[in-house]
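Q: I am new to reading structures; could you take me through one, feature by feature?

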Amino acid sequence: MLGTTMPRVPVLAARGLLAALVLSAAAGESVVDAQTAPPVTFTDHIRPIFERSCWNCHGEASQLSDLDLRTRETAIEGGARGPALVPGRADQSRLYRVLAGLDDPPMPMGGDTLSEAEIAAVRTWIDGGAHWDAGGATSAAEALTALENSALPAGARDYWAFTLPVQAPVPVSDEFDHPIDRFLERTRKARGVTAAPRADRLTRLRRASLDLIGLPPTPEQIDEFLADTERGAWERLIDRLLASPHYGERWGRHWMDVARYADSTGFEQDYTRPNAWRYRDYVINAFNQDKPYSQFIREQIAGDELDHTTDETRIATGFLRAGPRVDFREKDNPERRHDYLDDVIGTIGRGVLGLTLQCARCHDHKFDPILQKDYYSMQASIFGYVEIDWPLLDRDEAAAYRARNSEIDRQQQPLKDQIAALEEPHRARLRLELIRERFPENVQRAAEKPEAERTPGEQLLAAQVLSINPPRRRVTEALSAQEAATRTGLVEQVAALEAQRPPEPPMAEIVTDGDYRFAPDGPGDEIIGCPECRIPPDDPGSFLYEGGSDPYRAPPSYFLIRGDPFSPGSETSPGFVAVATYGDPPTVIPREDRRTSGRRLALARWLTSRDNPLTARVMVNRIWHHHFGRGIFRTLDNVGTMGDAPTHPELLDWLAVEFMDRGWSIKEMHRLLMTSEAYQMAAAYGSDANTAEDPDNQLVWRYRLQRLEAEAVRDSIMVVSGGIDLTVGGKPIFPFIPQEILEASQGKGHWDNQPDGPEVWRRSVYVYRRRSLGFPFFDTFDLPDQNQTAAARNVSTVATQALTLMNNEFVLRQAALFAERLERVAPDDLDRQIDLAYRIALTRSPTAEEAELAKALVTEQSLVDLTHVMFNLNEFLYLR
């Protein structure tokens with residue numbers, strides 16, 4: 001009944017109700033088209049369920065309670081609780097009843113419940129006699145072996161994205177000299193479409209300035225450009241903009257969307273990452289220096305493994321750890337480790353290769369020739385990485401810092417050992433109490449049995465639950481009075497020694513090789529053999545790795561059955577995506593210092609090889625997208641069959657090869673694209689014939705209007721008002737957020753609210769990026785999800801955007817500053833103030849009609865009203 005609140009049904013009861021309904025339907029009470037449904041077979045319907053949810057514990061590798069579900073005979077025989085299968089009677093089959101939630105414990109364990117359709121399929125299969133067809137003859141091990149050794153399908157490399165790019169001859173044209181225009185014009189002519197004329201000089205000036213540095217040109221820059229009437233003025237303008245330190249801020253922000261950069265860890269706690277900003281500054285500097293894209297990628301994947309490593313290249317590895325993290329206890333929660341690895345693989349896949357690699361974690365990719373074994377080969381290439389804090393010191397300072405910390409570590413260790421010995425008996429007892437509270441009886445039995453007496457299945461269960469750590473509060477409350485007093489004294493001694501540590505130097509959040517299984521237990525803990533690398537007490541988001549003089553050996557990485565961290569198959573070797581691999585590139589490049597595996601370096605070199613068909617294509621397409629508003633293939637991070645095909649494939653390949661031939665220089669690509677007539681075309685060009693033939697402008701017959709991103713809107717407002725602080729780099733800022741918004745997200749992260757004023761009027765790339773709370777102004781203008789790689793930003797048009805520009809306190813204050821600027825430059829001269837307002841905000845003078853309307857507005861209301869209106873114009877918000 002409408003308006004009635006339905007009671008919540010417990011999960012187990014809901015599953016039982018579902019099962020009852022299924023049984024009822026089977027009895028004929030509500031059967032719909034039963035005779036038309038395809039027959040349920042073991043191979044097609046039941047085996048996938050068993051592989052995913054049953055055989056891990058009741059199969060070849062692990063047999064729980066002596067129950068073996070690999071064959072019909074052993075399932076009928078059952079285990080300690082009797083037969084699991086009664087052919088023809090699902091209602092009497094324990095297998096069905098636990099899967100449907102009718103009996104305890106509900107199966108499968110671990111929250112991977114079956115869908116309604118799957119439960120119905122199991123019931124139908126059992127009622128039909130539970131026949132094991134030919135698909136049941138293959139063992140789980142054989143099926144796994146087949147997956148681990150699967151080969152590419154025939155013709156996989158025939159797809160356009162997996163062929164190596166080749167430069168086709170540039171088409172001949174009488175109208176155009178530029179190679180890009182020649183490729184475009186050939187396609188336009190074939191479709192009967194004509195190109196728009198050039199835009200006027202001021203429109204092109206504004207377009208180039210916002211495009212390359214994200215800021216509108218100043219009146220002085222306008223005058224300089226208009227005064228340059230010699231040949232090559234456009235090229236000189238591009239060079240000036242590319243030489244600006246603000247170029248890296250603009251184009252680095254594009255890359256940070258790809259890198260899923262943020263200043264906090266995300267999830268429930270959303271801890272701050274106090275040194276994440278160093279990676280942000282690295283990206284900005286890399287773009288300003290025009291670091292070759294190939295080198296840029298190599299540093300971010302393996303900056304600690306290069307032949308010549310520096311603090312800068314180590315900071316670059318922050319790319320690998322830029323995604324969201326729960327906490328640092330990966331050794332206690334291995335499933336999180338695999339989620340983080342999936343995040344890294346997904347980011348490299350979509351961001352660098354344009355492939356949805358993460359879709360192959362549990363099975364071969366459903367649409368593209370990406371094998372599950374490719375996924376785990378890629379995972380093995382990065383599996384040894386750990387996230388550490390690196391001191392930014394010179395060699396002598398680092399040695400002194402290490403020596404002092406090492407001595408303190410040596411003195412603390414016996415004290416910590418005594419604390420652990422006091423707590424362990426209570427911790428073990430409390431751990432078992434928690435297991436009894438949270439888990440069913442069979443799990444309790446497995447945990448309580450001596451290790452030597454556990455079956456393989458019980459060993460698996462025990463390993464999953466015995467890693468649980470009781471809350472520290474419960475452990476300390478369990479101590480006797482004497483034990484508590486002893487512990488307090490020991491803790492005080494540890495704290496006294498901790499206070500003697502040297503001040504922490506500047507630190508960088510980097511990645512290097514290690515073994516997450518032997519990570520320290522908490523903030524401030526020692527790192528054996530690497531005392532300069534410590535977990536800051538206020539940063540539980542990183543842990544550090546044990547160095548040493550022996551050659552580093554990467555921890556083993558396994559092919560996971562159905563992507564389950566608790567169902568390992570064979571150990572995997574490092575490798576790459578087979579369909580995009582030509583020749584026999586090395587999968588390991590041994591390092592002279594032997595401190596890292598060289599696996600990530602091999603991956604980085606494969607990614608940036610000329611024999612990789614994807615990397616150059618994906619990057620030139622991304623550059624094209626940011627200049628033209630749409631990529632040559634629209635789906636920037638998916639070149640697969642579910643993505644869009646390129647509209648101009650020969651042009652795409654020509655640009656990819658040209659990019660590599662020009663030393664992977666991004667600035668060279670800017671020059672190449674922006675000197676084309678296609679880039680300089682007018683946006684306002686009406687042609688009924690063109691619109692009818694190509695309404696989406698895929699043939700690039702006019703310039704595509706582009707709404708400025710959130711950061712560029714805020715930055716443009718501050719440039720126009722004159723209030724912006726253009727200092728480059730440094731720690732993040734915290735622009736003012738209303739208290740009611742902060743209170744709504746209490747307990748998740750922090751925001752050091754600063755009052756609106758000059759201290760926070762810096763470029764928006766420096767605003768603190770908190771995953772659990774986006775800066776509201778940015779969210780309004782389509783800030784992407786900061787938890788995953790974002791190839792392109794959504795562009796919405798919603799009322800809150802207009803309301804923000806009309807009512808936001810920041811915007812109103814900037815409008816007042818803009819008015820003060822005009823009065824200061826042109827006191828008591830309204831006509832000049834109006835002309836300046838247009839030139840500063842829109843890079844042009846007003847028309848006669850606009851000037852009259854502006855004068856009437858100022859006369860009837862105020863100059864602030866005019867400046868406020870300027871911020872609300874479409875022309876201000878769009879790149880034209």
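A: We begin with the names of the elements: helices (H or I, at least four residues) and strands (E, at least two) are DSSP runs, numbered from the N terminus. This is a predicted model, in which local features need pLDDT of at least 70 and side-chain atom pairs count only at pLDDT 80 or more, while totals for chains, interfaces and linings use all residues. Residues are numbered from 1 along each chain as its sequence is written, and side-chain values use heavy atoms, with hydrogens and water left out.

Q: Which residue has a positive phi of about 50° although it is not a glycine, and where is its place?
A: That residue is Asp270, and its place is in the loop between helix 12 (245-258) and helix 13 (277-288). Asp270 counts as buried because its relative accessibility is 0% (buried means under 20% relative accessible area, exposed over 50%, partly exposed in between, with a 1.4 Å probe and protein chains only). Arg594, which is not a glycine either, has a positive phi of about 65°; Arg594 lies in the loop between strand 4 (568-571) and helix 23 (599-607), and with a relative accessible area of 42% it is partly exposed.

Q: Which peptide bonds are cis, and what is omega there?
A: A cis peptide bond joins Asp104 and Pro105, with omega about -10°, and the bond from Met107 to Pro108 is also cis, with omega near -5°. Pro105 lies in the loop between helix 5 (94-100) and helix 6 (116-127), and Pro108 is found in the loop between helix 5 and helix 6 as well.

Q: How many salt bridges does the structure hold?
A: A salt bridge is a side-chain nitrogen of Lys or Arg within 4 Å of a carboxyl oxygen of Asp or Glu, and the structure holds 61 of them. One of these joins Asp311 to Arg314, with the closest N and O atoms 3.6 Å apart; because the two are 3 residues apart in helix 15 (residues 311-316), about one helical turn separates them. Asp311 is partly exposed at 28% relative accessibility, whereas Arg314 is buried at 18%.

Q: Which salt bridge links distant parts of the chain, 66 residues apart?
A: Arg321 forms a salt bridge with Glu387, the closest N and O atoms being 3.9 Å apart. Arg321 sits in the loop between helix 15 and helix 16 (334-353), and Glu387 belongs to strand 1 (residues 385-391). Both ends are buried, Arg321 with a relative accessible area of 4% and Glu387 with one of 3%.

Q: How should I read two packed helices?
A: Two packed helices are described by the angle between their axes and the distance between the axes. Axes are lines fitted to C-alpha atoms, for helices over the stretch in contact, and angles run from 0 to 180 degrees between N-to-C directions. Here the axes of helix 33 (residues 809-825) and helix 36 (residues 863-872) come within 8 Å and cross at roughly 120°. That makes helix 33 oblique to helix 36, given that angles under 35 degrees count as roughly parallel, over 145 as roughly antiparallel, 65 to 115 as roughly perpendicular and the rest as oblique.

Q: Which residues of helix 33 and helix 36 meet?
A: Contact means heavy atoms within 4.5 Å. In helix 33 the residues that meet helix 36 include Val811, Leu812, Phe818 and Leu822, and their counterparts in helix 36 include Leu863, Val864, Met870 and Phe871.
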